[in-house]
Amino acid sequence: MDTQDITRTRLGEEDWLSAAYEVLTESGVEAVKVMPLAKRLGVARTSFYWHFKDREALLEAMVRRWEEKNTGNLIARSEAYAETIAEALFNLFDCWIDADLFDSRLDLAIRNWARNDPGLQARLDQADTRREQALTEMFIRFGFSPGVALIRARAMIYTQIGYISMQVSESTGYRISLMPGWVEVFTGTPPSQRDLDRFLARHS
């Protein structure tokens, strides 16, 4: 077995996706190309085609990962069990702390990419609609009227998009310290000490 064959057996689809992710988030979609990725990984270009039909298939896999991870997890956290609206928001705020739940770098890269890709923009619009609906329904579950729930949901979404677009840099501890205030801003009521303690216990 020659060196190229050994490399081929060791590299998997995830390796190519990880490399493509780094290029996408660093330099934009135009820089995601097969040959530069192969050089980055130190393998022959032919290794790529064991996992993807072409560059478009790789890009599609990245978009699907974004949809499943960012939108999927955001919706799941908004639907998680909560006794109060404050606890529901704290559940959602896990996404802003845990990169395994929500990848802000990837969200920004997708939004930048969509500016010049109508097909992706349509999928981004659909994802934003799903997020908005999930957060609106979360507020409605806790007694907010549909109109008020929609406004509060949009305020949360637009705030987070602003954080992402501005690439705000905060330590995890500092961001957590602000979250009780964000709960009060978005709900009109400060969280109870019990809600806050349960949230902090997850992130101690």
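1. Gln167 counts as exposed, since its relative accessibility is 59%. Gln167 sits in the loop between H8 and H9. Its phi is near 50°, a positive value in a residue other than glycine. Most residues other than glycine have a negative phi.

2. The basis is a predicted model: local features need pLDDT of at least 70, side-chain atom pairs count only at pLDDT 80 or more, and totals for chains, interfaces and linings use all residues. Numbering runs from 1 along each chain as its sequence is written, and side-chain values use heavy atoms, with hydrogens and water left out.

3. Overall fold. The order of elements from the N terminus is α-α-α-α-α-α-α-α-α-α. Along the principal axes, the C-alpha atoms fill a box of roughly 65 × 40 × 30 Å.

4. Of the 204 residues, 42% are buried. Among contacts with a separation of 6 or more, 66% join residues 24 or more positions apart. Contact here means heavy atoms within 4.5 Å.

5. Domain 1 gives 8 residues to the contact, and domain 2 gives 6 residues.

6. Interface area. The two domains bury about 680 Å² between them. That is the accessible area (1.4 Å probe) lost when the two parts are put together, summed over both. Carbon and sulfur atoms carry 56% of it. On the domain 1 side, Tyr21, Leu24 and Val29 lose the most area to domain 2. Together they make up 59% of what that side buries.

7. Glu22 forms a salt bridge with Arg105, with the closest N and O atoms 3.7 Å apart.

8. Aromatic pairs. The whole structure holds 9. Rings of Phe, Tyr and Trp (its six-membered ring) pair if their centres lie within 6.5 Å; planes under 30 degrees apart are stacked, over 60 edge-to-face, the rest tilted. Phe90 and Phe93 have ring centres 6.3 Å apart and planes at 80°, so this pair is edge-to-face. Both lie in helix H5 (residues 85–97), 3 residues apart, about one turn of the helix. Phe90 and Phe93 are both buried.

9. A pair between helices. The Tyr163 and Trp182 rings have centres 6.3 Å apart and planes at 75°, so they are edge-to-face. Tyr163 is in helix H8 (residues 146–165) and Trp182 is in helix H9 (residues 172–187), so the pair ties together parts 19 residues apart in sequence. Tyr163 counts as buried, at 16% relative accessibility. Trp182 is partly exposed, with a relative accessible area of 26%.

10. An aromatic cluster. Trp16, Phe48, Tyr49 and Phe52 form one cluster.

Methods:
Helix = DSSP H or I, 4+ residues; strand = E, 2+ residues; numbered from the N terminus. Buried < 20%, exposed > 50% of the residue type's maximum accessible area, 1.4 Å probe, protein only. Salt bridge = Lys/Arg side-chain N within 4 Å of Asp/Glu carboxyl O.
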